[in-house]
Amino acid sequence: MRSRTAIAVAVAALAAPAMAGAGPARAEGDKALGEYLSSECVTCHQITGHYEGIPPIVGWPDATFIAIMDEYRSKKRSNPIMQTIAGRLSAAEVASLAAYFGSLPHQQAK
Ligand code: HEC
């Protein structure tokens, strides 16, 4: 019984990232989808907009954000981590991330 539950939880956890790409929200620039997808990004990028070894990505115009992600996708920008991350995202997902991160303010504390 117990182990069955554990397996079900593990399977659900594994399935979640795959479902992100196939979710219902295909609309361009869906902020809610962007917020959902951002959980991965903010393990490295500070949501406050502070620079802590990794550049901040909040508060940019959508077009700027999308252009930069495209540069990683096309490998014009050379960072392998971001190439991999950007390469996994659809254009609609990048637009959604742009809408979400673009809506966040730089927090001036510190
Ligand atoms: C494993 C850590 C890590 C994760 C996760 C990560 N990034 Fe990055 N990101 C970096 C690093 C390091 C750089 C700087 C790379 C460089 O110098 O080109 C960067 C750069 C960027 C830049 C360009 C910043 C600038 O000022 O030029 C953008 C935009 C960006 N990331 C967006 C994202 C998004 C969106 C996600 C989530 C889908 C994400 N990143 C997830 C580490 C990460």
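Predicted model: local features only at pLDDT ≥ 70, side-chain atom pairs only at ≥ 80, totals over all residues.
Modeller: Residues are numbered from 1 along each chain as its sequence is written.

Biologist: What is the secondary structure of the chain?

Modeller: It comes to 5 helices and 0 strands, in the order α-α-α-α-α along the sequence. Helices (H or I, at least four residues) and strands (E, at least two) are DSSP runs, numbered from the N terminus.

Biologist: How do you know that the span of α5 agrees with its number of residues?

Modeller: The expected span of a helix is 1.5 Å times one less than its number of residues. Helix α5 (residues 91–102) has 12 residues, so it should span 16 Å, and its end C-alpha atoms are 16 Å apart, which agrees.

Biologist: What makes α5 largely enclosed by the rest of the structure?

Modeller: A residue is buried if 20 or more other C-beta atoms lie within 10 Å of its own, exposed if 12 or fewer, and partly exposed in between, with C-beta atoms placed from the backbone. In α5, 10 of the 12 residues are buried, so the helix is largely enclosed. Among them are Glu93, Ser96 and Tyr100, and the cover over the buried residues includes α2 (31–41) and α3 (62–73). For the chain, buried residues make up 19% of the 110 residues.

Biologist: Why is Lys75 called exposed?

Modeller: Lys75 has 12 C-beta neighbours inside 10 Å, so it counts as exposed. You'll find Lys75 in the loop between α3 and α4, with a positive phi of about 65 degrees although it is not a glycine.

Biologist: And why is Ile85 called partly exposed?

Modeller: Ile85 has 16 other C-beta atoms within 10 Å, so it is partly exposed. Ile85 lies in helix α4.

Biologist: Which residues touch the most other members of the largest nonpolar core?

Modeller: A nonpolar core is a set of buried Ala, Val, Leu, Ile, Met, Phe, Trp, Tyr and Cys residues joined through C-beta atoms within 7 Å. The largest one has 16 residues, and Ile66, Met69, Val94, Leu97, Ala98 and Phe101 touch the most other members. Helices α2, α3 and α5 each supply at least two residues of this core, and α5 gives the most, with 7. Leaving aside neighbours within four places in sequence, Met69 is in contact with Ala86 and Val94.

Biologist: Which residues come nearest to the ligand?

Modeller: Of the 18 residues around the ligand, those are Cys41, Cys44, Pro55, Ile68 and Asn79. A residue is near a molecule or strand if its C-beta atom, placed from the backbone, lies within 6 Å of it.

Methods: Contact = placed C-beta atoms within 7 Å.
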